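This report walks through one protein chain, moving from single residues to the chain as a whole. Please keep the sequence and the model open while reading.

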Amino acid sequence: MVTVGQILKPQGVRGEVKVKPLTDDPSRFCVLKSVYACGKRMLIEKARVGGRDVYIKFVGIDDRNAAEGLRGAFMEIERDDAVTPAADEFFISELIGAALFARGDDGETQIGVIRAVDSFGAADVFSVECADGAEMTFAFVKALNAAFDGERKRLSVDGARLAEVAVYED
């Protein structure tokens, strides 16, 4: 399964919900027929994009109270229904639990495990549980020259660049 969005709140009184897309192209929601949320398959009656947000009306969710019950739910689709990422792209959901490695002149060093990825607009922010138990966050920027190996579930980045953008919890 691939997580594609999170239901933020009801929109209006007829059962529509506002969704935070977790994809680089929100218009993809307009071609989806169904998603999985709250442990069940939900049919999409209609979807529209407004700026960076998506508004969805599900079959059988016909009023604000029913829509309220979906607040906070993550929406997933079957992996086979997802677009195929380009060679240098990957799904954020695949990064959760992946090992983070820093590349340097001496080879690679494992930093820790990626625990969360938050999208704030300018750059995604990764939260990493380091091998020593500390927590590190960093903005995912192009200068990191990231390489993701989905088969081995590992993300490798430029160690010098990571040192420039990483923030460690005290």
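Gly60 is exposed, at a relative accessible area of 53%, where exposed stands for over 50% relative accessible area, buried for under 20%, and partly exposed for what lies in between, with a 1.4 Å probe and protein chains only. Gly60 belongs to the loop between β5 and α1 (64-68); helices (H or I, at least four residues) and strands (E, at least two) are DSSP runs that are numbered from the N terminus. Leu43 stands 17 residues from Gly60 along the chain, and the two C-alpha atoms are separated by 8.5 Å.

This is a predicted model, in which local features need pLDDT of at least 70 and side-chain atom pairs count only at pLDDT 80 or more, while totals for chains, interfaces and linings use all residues. Residues are numbered from 1 along each chain as its sequence is written, and side-chain values use heavy atoms, with hydrogens and water left out.

Once its neighbours within four places in sequence are set aside, Lys57 is in contact (heavy atoms within 4.5 Å) with Arg14, Gly15, Glu16, Ile44, Glu45, Lys46 and Asp62.

## Aromatic rings

How many aromatic pairs does a search of the whole structure find? The search finds two, where rings of Phe, Tyr and Trp (its six-membered ring) pair if their centres lie within 6.5 Å, and planes under 30 degrees apart count as stacked, those over 60 as edge-to-face and the rest as tilted. Phe126 and Phe140 form a stacked pair, with 4.9 Å from centre to centre and 20° between the planes. This pair links distant parts of the chain, given that Phe126 lies in strand β9 (residues 124-130) and Phe140, 14 residues apart from it, in the loop between β10 (135-139) and β11 (147-149).

The two partners can also be described by their accessibility: Phe126 counts as buried because its relative accessibility is 1%, whereas Phe140, at 22% relative accessibility, counts as partly exposed. Phe126, Phe138 and Phe140 together form one aromatic cluster. Elsewhere, the charged end of Arg154 sits over the ring of Phe101, at 3.8 Å from the ring centre; the criterion is that NZ of Lys or CZ of Arg is within 6 Å of the ring centre and within 35 degrees of the ring normal.

## The loops on either side of β11

The loop between β10 and β11 also holds Ala143, which is partly exposed, with a relative accessible area of 37%. Apart from residues up to four places away in sequence, Ala143 touches Asp158 and Arg161. Between the C-alpha atoms of Ala143 and Leu95, which are 48 residues apart along the chain, the separation is 18 Å.

Asn145 has its place in the loop between β10 and β11, and its phi is near 45°, a positive value in a residue other than glycine; with 46% relative accessibility, Asn145 counts as partly exposed. Lys153, in the loop between β11 and β12 (154-158), likewise has a positive phi although it is not glycine, in this case near 50°, and Lys153 is partly exposed at a relative accessible area of 33%.

## Gly159 in helix α3

Gly159 is part of helix α3 (residues 159-165). Leaving out neighbours within four places in sequence, Gly159 is in contact with Ala102 and Arg103. Gly159 and Glu45, which are 114 residues apart in sequence, lie 47 Å apart in space, C-alpha to C-alpha.

## The chain as a whole

The secondary structure of the chain comes to three helices and 13 strands, and its C-alpha atoms fill a box of roughly 60 × 35 × 30 Å, taken along the principal axes. Of its 170 residues, 35% count as buried, and among contacts with a separation of 6 or more, 51% come from residues 24 or more positions apart.

The chain exposes about 9,900 Å², of which carbon and sulfur atoms supply 47%, with areas taken from the Shrake-Rupley method with a 1.4 Å probe, where for residues only the protein chains shown count as cover. The chain has 22 positive and 29 negative side chains, and the centres of the two sets lie 9 Å apart. In this count Lys and Arg are positive and Asp and Glu negative, with His and the chain ends not counted, and each charge is placed at NZ of Lys, CZ of Arg, CG of Asp or CD of Glu.
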